[in-house]
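Please walk through the helix packing of this model.

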Amino acid sequence: MCFGATQAKNSSLLEINLRTNSLGQKGALGIAKGLFKNNVLAVVHLRYNNIGDYGAKAIAATLMNNTTLTEVDVARNRIGFEGAEALMKSMTHNQTLRHLNLQRNSISDQGGLALGIALKVNTSL
């Protein structure tokens, strides 16, 4: 059984640390699928997993409607502008997330601008 399937049924786990597990883009997609159906998990650590823009977009899609996650760590994941932009768009809808760690990614100046726009709308970060 994969992580996504187990997280959809999770009723008690509040935090999961998957740092440095070589998840890659496909792994991030699996995580995102599990988080989409999960209504309990509050903290997800995905640092050092090389999820890239594709993985960041998958996580962002989940964050659009998620109401339980308060902290997501996607530091050091080779996320570029496209992934950062997707995450920032999700922040205009998500008002429960309190901490989003994008440390040591390559979001560029454009990603910084997207972040600024999202922060104007999002009052929870």
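Buried here means under 20% relative accessible area, exposed over 50%, and partly exposed in between (1.4 Å probe, protein chains only). Helices (H or I, at least four residues) and strands (E, at least two) are DSSP runs, numbered from the N terminus. This is a predicted model: local features need pLDDT of at least 70, side-chain atom pairs count only at pLDDT 80 or more, and totals for chains, interfaces and linings use all residues. Residues are numbered from 1 along each chain as its sequence is written, and side-chain values use heavy atoms, with hydrogens and water left out.

Start with helix 4, residues 81–91. Its buried residues are Gly83, Ala84, Ala86, Leu87, Met88, Ser90 and Met91. They pack against helix 3 (52–63), strand 4 (99–101) and helix 5. Contact means heavy atoms within 4.5 Å.

Now move to helix 5, residues 108–121, where Ala118 is found. Ala118 is buried, with a relative accessible area of 3%. Leaving aside residues up to four places away in sequence, Ala118 touches Met88, Met91 and Thr92. Asn94 lies 24 residues from Ala118 in sequence and 10 Å away in space, C-alpha to C-alpha.

Turn next to helix 2 (residues 24–37) and helix 3. Their axes (lines fitted to C-alpha atoms over the stretch in contact) are 8 Å apart, at an angle of about 0 degrees. Helix 2 is therefore roughly parallel to helix 3, a term for angles under 35 degrees. Helix 2 contributes residues including Leu29, Ala32 and Phe36; helix 3 contributes, among them, Tyr54, Ala58 and Ile59.

Note on methods:
Axes fitted to C-alpha atoms, helices over the stretch in contact; angles between N-to-C directions. Parallel < 35°, antiparallel > 145°, perpendicular 65-115°, else oblique.
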